[in-house]
Amino acid sequence: MKTCRSSSDRVIAGVCGGLAEQAGWSPQRLRVVWVVATIFTAFAGVIVYLALWFLMPKAPAQFEPAPLQPWRH
């Protein structure tokens with residue numbers, strides 16, 4: 001499975017949501033780890049996030065069929 005930016009669980013660009021889906025973590029946990037790591041690495045996490053935003057493809061939109069409505073013709 002290819003790592004993609006999340007289209008459903010996103011705050012800014014869906015990078016943390018996509019990485020969390022791939023790793024099997026909750027997105028909130030990954031965001032907290034990302035912020036803490038960014039603070040302790042002199043804000044290198046911001047550069048990595050921007051690079052991943054550019055490099056990771058966006059997840060394809062999930063198709064949801066319209067509900068059947070027998071009362072409409």
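Tutor: Welcome! Let us start with a definition: helices are DSSP runs of H or I with at least four residues, and they are numbered from the N terminus. The model above is predicted.

Student: How many helices and how many strands does the protein chain have?
Tutor: Read along the sequence, the pattern of the chain is α-α-α. In the secondary structure, then, we count 3 helices and 0 strands.

Student: In which loop does F43 sit?
Tutor: F43 has a positive phi of about 65°, although it is not a glycine. At 52% relative accessibility F43 counts as exposed, because exposed means over 50%. Its place is the loop between α2 and α3.

Student: Is A42 buried or exposed, and what is its relative accessible area?
Tutor: A42 also lies in the loop between α2 and α3. Its phi is near 55°, a positive value in a residue other than glycine. The cut-off for exposed is over 50%. A42 is therefore exposed, with a relative accessible area of 66%.

Student: What phi does the residue G24 take?
Tutor: Look just after α1, where you will find G24. Its phi is positive, at about 80°.

Student: What percentage of the residues of the protein chain count as buried?
Tutor: To count as buried, a residue must have under 20% relative accessible area. The protein chain has 73 residues, and the buried part of them is 25%.

Student: Which residues of α1 are buried?
Tutor: The cover over the buried residues of α1 includes α2 and α3. The buried residues themselves are V15, C16, G17, G18 and A20.

Student: Which element gives the most residues to the largest nonpolar core?
Tutor: That core has 8 residues in all: A13, V15, C16, A20, L30, W34, Y49 and M56. The elements that give two or more residues to it are α1 (15–23) and α2. The most, 3 residues, comes from α1.

Student: Which residues does Y49 touch, leaving out those up to four places away in sequence?
Tutor: Y49 is buried, with a relative accessible area of 12%. Touching means heavy atoms within 4.5 Å. By that cut-off the partners of Y49 are I12, A13, G14, V15, C16 and W34.

Student: How many aromatic pairs are there, and what is the angle between the planes of W34 and Y49?
Tutor: The count comes to 2 aromatic pairs. One of them is W34 with Y49, an edge-to-face pair at 5.9 Å centre to centre, with 85° between the planes.

Student: Why does the pair of W34 and Y49 tie together parts of the chain, and how many residues apart are they?
Tutor: Both W34 and Y49 are buried. W34 belongs to helix α2 and Y49 to helix α3, so their pair ties together parts whose distance in sequence is 15 residues.

Student: Which residues are linked into a cluster by ring pairs?
Tutor: Y49 also forms an edge-to-face pair with W53, at 6.5 Å centre to centre and 70° between the planes. Y49 and W53 both lie in helix α3, 4 residues apart, about one turn of the helix. W53 is partly exposed, with a relative accessible area of 37%. The ring pairs link into a cluster W34, Y49 and W53.

Student: Which residue forms a salt bridge with D9?
Tutor: Side chains of opposite charge can pair when their charged atoms come close. The structure holds 1 salt bridge. In it, the closest N and O atoms are 3.5 Å apart, and the partner of D9 is R31.

Student: How many residues apart are D9 and R31?
Tutor: D9 counts as partly exposed at 24% relative accessibility, whereas R31 counts as buried at 19%. The salt bridge joins these two residues. D9 is in the segment before α1 and R31 is in helix α2, so the pair links distant parts of the chain, their separation being 22 residues.

Student: Which element gives the largest share of the nonpolar surface patch?
Tutor: The patch covers about 1100 Å² and is made by V11, I12, V32, V35, V36, I39, F40, F43, V46, L50 and W53. The elements that give two or more residues to it are α2 (27–40) and α3 (44–55). The largest share, 5 residues, comes from α2.

Key: Residues are numbered from 1 along each chain as its sequence is written. Side-chain values use heavy atoms; hydrogens and water are left out. Patches are made of residues with over 30% relative accessible area and no salt bridge: like charges are joined within 9 Å, nonpolar side chains (Val, Leu, Ile, Met, Phe, Trp, Tyr) within 5 Å. Accessible areas come from the Shrake-Rupley method with a 1.4 Å probe; for residues, only the protein chains shown count as cover. A salt bridge is a side-chain nitrogen of Lys or Arg within 4 Å of a carboxyl oxygen of Asp or Glu. A nonpolar core is a set of buried Ala, Val, Leu, Ile, Met, Phe, Trp, Tyr and Cys residues joined through side-chain atoms within 4.5 Å. Buried means under 20% relative accessible area, exposed over 50%, partly exposed in between (1.4 Å probe, protein chains only). Rings of Phe, Tyr and Trp (its six-membered ring) pair if their centres lie within 6.5 Å; planes under 30 degrees apart count as stacked, over 60 as edge-to-face and the rest as tilted.
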